[in-house]
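Subject: Structure handover, with notes on its cores and aromatic pairs

Dear colleague,

I am passing on the structure below, followed by notes on what was found in it. Please keep it open while you read.

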Amino acid sequence: MGYIKELRKYVGTAPLIMAGACVIVRNEEGHILLQKRADTLDWGTIGGALELGDSFEEAAARELYEEAGLTAGGFKFVALLSGKDMYFKYPHGDEIYNVMAVYEAEGVEGEPKVNDDEGLALAYFPLDRPIPGLQPFSELVLKRAGYL
């Protein structure tokens, strides 16, 4: 998050509007891939902020590789989420209002592996029952995007 990190030098932890992408990866059974987050220690969706000059799809591809070691042949647009309920406060105090494009990855290649320091583990979860330890914000995203 180079761009956001630079902004934080000037605004501290004050709320920012942050554009980002969320990537939904499904396996053959239709289960979705989630990462156990290092910062909140719960299960969350894969994704992150745009860098200067990024398209939403470029950010989705980068985040998919950085967080899960996967590549995709393409991305199907699912939803654009914004509004008051897209507020998130990180454990270290940074506040954001997300403007988030949700994509479903198509033609996924590779085996999921933790590929950065943002995640502790990766696992697939079925959508037909509650997901234990699901981060409340990720639950909101999955609901608003029509997955839950």
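Phe 75, Phe 77 and Tyr 103 form one aromatic cluster, where rings of Phe, Tyr and Trp (its six-membered ring) pair if their centres lie within 6.5 Å, with planes under 30 degrees apart counted as stacked, over 60 as edge-to-face and the rest as tilted. This is a predicted model, in which local features need pLDDT of at least 70 and side-chain atom pairs count only at pLDDT 80 or more, while totals for chains, interfaces and linings use all residues. Residues are numbered from 1 along each chain as its sequence is written, and side-chain values use heavy atoms, with hydrogens and water left out.

Across the whole structure, a search finds 6 aromatic pairs. One of them joins Trp 43 and Phe 125 edge-to-face, at 4.9 Å centre to centre and with 65 degrees between the planes. Trp 43 belongs to strand E3 (residues 43–44) and Phe 125 to strand E8 (residues 119–125), so this pair ties together parts that are 82 residues apart in sequence; strands (E, at least two residues) and helices (H or I, at least four) are DSSP runs, numbered from the N terminus. Both Trp 43 and Phe 125 are buried, a term that means under 20% relative accessible area, with exposed over 50% and partly exposed in between (1.4 Å probe, protein chains only).

The pair of Phe 77 and Tyr 103 is also edge-to-face, because the ring centres are 5.8 Å apart and the planes stand at 70 degrees. Phe 77 lies in strand E5 and Tyr 103 in strand E7, so parts 26 residues apart in sequence are tied together. Phe 77 counts as partly exposed, at 48% relative accessibility, whereas Tyr 103 is buried, with a relative accessible area of 4%.

As for the nonpolar cores (sets of buried Ala, Val, Leu, Ile, Met, Phe, Trp, Tyr and Cys residues joined through side-chain atoms within 4.5 Å), the largest has 25 residues, of which Ile 24, Leu 34, Met 100, Val 102 and Val 141 touch the most other members. Among the elements that give two or more residues to this core are strand E2 (32–37) and helix H3 (136–144), and E1 gives the most, with 4 residues.

With best wishes
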